[in-house]
Amino acid sequence: MEFAVKKAENCFAAAENYEYRIALADQDFLKLLEDNGADVRVNEQLRRPTFVAELPGGVRIKGLLARNVIKVGYLPTAAATQKADFESWLSSL
Amino acid sequence: MEQYIYLNNAATSWPKPPAVAAASAQALAGLPGAAMRGGIEDFDVMAAVRLELAELFGLKNPARLALGANSTWALNLAIFGLGLKPGDTVLSTKAEHNSVLRPLFALEQQGLRVCYLDTDCNGRIAVADWQQALQKLEPRLAVFTHASNVTGAVNDAAELAKAAHDCGAMTILDASQTAGWCPVKLEEWAIDMAAFTGHKYLLGPQGTGGLYVREGLELTPHLLGGTGIHSDMHTMPPEMPTHLEAGTGNEPGFYGLLAALEWARENPVTAEWQRVDTGLERLKNHLLDIGATVLDGTVGDTGNAVSAAATKADGATKADGARAAGGAGTGAAGTVSPPGHMPVLSFVLRGISPQDSGDALRDSYDIIVRTGLHCAPHIFSCLGLDPSSGSVRVSLSRFTSQADIDQLMAALSDIATTADAF
């Protein structure tokens with residue numbers, strides 16, 4: 001799968017957050033995340049429903065169900081490796 | 001396009017008065033100011049802005065105002081322009097923005113000693129602590145913010161400056177947050193230097209701001225270049241404001257700032273204080289009701305005893321029954337007294353990180369707030385918050401409606417009740 005990535009601007013300490021525009025519809029992507037071992041939670045109570053997924057190892061993915069932009073947070077101590085692994089997985093989809 | 005509710009005015013105010021964009025656009029469409037080499041018949045927008053600001057800040061001589069890009073520009077000019085030397089001591093506070101902290105850190109690398117005073121738990125500088133530190137350290141310079149950009153607590157700038165002078169220190173006031181919302185009276189308060197920016201509560205465009213330098217104080221400029229006058233000199237001309245204004249200025253931006261200043265003179269902010277304060281109190285009470293930790297400058301606001309009785313104090317009472325809340329209000333004679341806090345508060349929802357709260361407000365509700373450390377990383381240790389996660393900051397403006405507050409409160413209720421899903 002092709003994707004675009006940009007480091008998210010924010011004002012937090014040691015933040016390693018990136019935004020990705022992906023080419024998959026939300027439900028398909030959530031299924032793929034679950035298949036990849038992620039714990040996925042959906043929040044239908046908000047005006048625009050959201051999801052949060054946590055991969056083993058601490059990578060955190062979140063976004064709106066109805067949008068193809070996701071936000072991914074990597075652990076500051078392992079950000080480079082986690083980012084490379086996640087993007088490799090995205091590319092393989 | 002989504003209709004955003006914008007509550008990040010402590011970073012950059014929005015919307016602006018309509019005349020601001022029109023003035024900047026008109027300036028861009030017209031001849032540049034230097035086209036006629038500043039003849040007597042030409043309109044000098046920088047001089048007009050200086051006149052407006054001198055009136056606002058209570059200055060006799062507008063030429064003591066150097067105009068530039070923003071407060072960061074001004075603070076760097078002031079801090080590095082004083083000629084401080086290794087061994088000198090500077091007193092500052094943990095409430096400061098990185099535009100103060102980073103220049104001071106650079107001075108520390110050069111061998112200066114810098115002490116950062118704790119604030120109280122509301123983000124306010126306690127005058128007694130300040131006096132004690134001044135007496136102990138005998139600093140050459142004291143740098144302090146007029147208001148915390150995290151909690152909105154406004155400091156007693158006059159008392160802090162007096163205490164500094166009593167101990168022989170010069171003062172730099174960072175009025176980035178307060179200019180345009182609270183009274184800023186630089187000569188009356190005997191401030192030596194003050195930084196301000198046009199794009200916050202002065203309601204002007206980004207890229208406008210300036211530095212006040214009192215009569216008799218000459219800074220060494222560290223930005224050198226063309227001035228349009230004395231071009232044969234190897235150094236910057238000695239007269240203010242040219243001494244500190246190298247290079248072509250942001251003329252379209254200053255046309256916008258002039259329009260904002262004229263609009264604000266016709267539409268005084270004093271008429272908005274109580275209405276906006278009511279919204280802030282409603283929001284604070286709601287946050288407390290849904291179990292949030294709230295940090296704001298209304299608690300411990302003693303700068304305005306007359307108005308305190310005219311303002312609801314319920315929220316603060318819930319937060320801490322021993323503390324009183326002050327606010328803008330109408331005194332017995334009908335005069336409006338200024339608030340001792342900005343229309344700003346920070347909060348953390350129980351069980352939800354500030355980042356997730358802010359993302360949910362923006363992505364699911366089109367409400368724009370600011371999350372993180374707010375470029376003031378040291379204050380969090382004084383507020384009892386985790387510096388690694390920061391806070392959500394809401395900053396209102398005179399254009400914030402009660403309906404905006406209602407929508408924010410409804411969204412916060414939705415988010416707070418679904419903490420498990422974050």
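Helix 11 of chain B supplies the largest share of the lining of the largest cavity, five residues. The model is predicted. Three elements each give at least two residues to this lining: strand 4 (50-54) and strand 5 (60-64) of chain A, and helix 11 (354-365) of chain B. By class, five lining residues are nonpolar, three are polar and five are charged. In total, the structure holds four cavities of 30 Å³ or more.

Strand 5 of chain A also takes part in sheet pairing. A hairpin of four residues connects strand 5 of chain A to strand 6 of chain A. The two strands run antiparallel and are joined by four bridges. Within this pairing, A:G63 has A:I70 of strand 6 as its bridge partner.

Strand 2 (residues 17-22) of chain A pairs with strand 6 of chain A in the antiparallel sense, over five bridges. Strand 6 (residues 69-73) is mostly covered, with four of its five residues buried.

Over all chains, the search finds 13 aromatic pairs. A:F3 and A:Y20 form a tilted pair, with 5.7 Å from centre to centre and 55° between the planes. This pair links distant parts of the chain, as A:F3 lies in strand 1 (residues 3-7) and A:Y20 in strand 2 of chain A, 17 residues apart. A:Y20 counts as buried because its relative accessible area is 1%. A:F3, at 25% relative accessibility, is partly exposed.

In chain B, B:Y6 and B:W14 form an edge-to-face pair, 5.8 Å centre to centre and 75° between the planes. B:Y6 falls under the 20% cut-off, so at 18% relative accessibility this residue counts as buried. B:W14 is partly exposed, with a relative accessible area of 48%.

Back in chain A, A:F3 and A:Y20 belong to one aromatic cluster together with A:Y18, A:F29, A:Y74, A:F86 and A:W89. Two lysines sit over a ring of this cluster, that of A:Y18. The charged end of A:K83 lies 4.9 Å from the ring centre. For A:K7, the charged end is 5.5 Å from the centre of that ring.

Note on methods: Residues are numbered from 1 along each chain as its sequence is written. Chains are lettered from A and ligands numbered from 1 in the order in which they are written. This is a predicted model: local features need pLDDT of at least 70, side-chain atom pairs count only at pLDDT 80 or more; totals for chains, interfaces and linings use all residues. Side-chain values use heavy atoms; hydrogens and water are left out. On a 1 Å grid over the protein atoms alone, a cavity is a set of points where a 1.4 Å probe fits but cannot get out, and a pocket is an open set with protein on both sides within 12 Å along at least five of seven lines; lining residues have an atom within 4 Å of a point. Grid points are joined across faces, edges and corners, and a volume is the space filled by probe spheres set on the points. Ala, Val, Leu, Ile, Met, Phe, Trp, Tyr, Cys and Pro count as nonpolar, Asp, Glu, Lys and Arg as charged, and the others, Gly among them, as polar. Buried means under 20% relative accessible area, exposed over 50%, partly exposed in between (1.4 Å probe, protein chains only). Two strands pair if DSSP finds at least two bridges between them. Rings of Phe, Tyr and Trp (its six-membered ring) pair if their centres lie within 6.5 Å; planes under 30 degrees apart count as stacked, over 60 as edge-to-face and the rest as tilted. A charge sits over a ring if NZ of Lys or CZ of Arg is within 6 Å of the ring centre and within 35 degrees of the ring normal.
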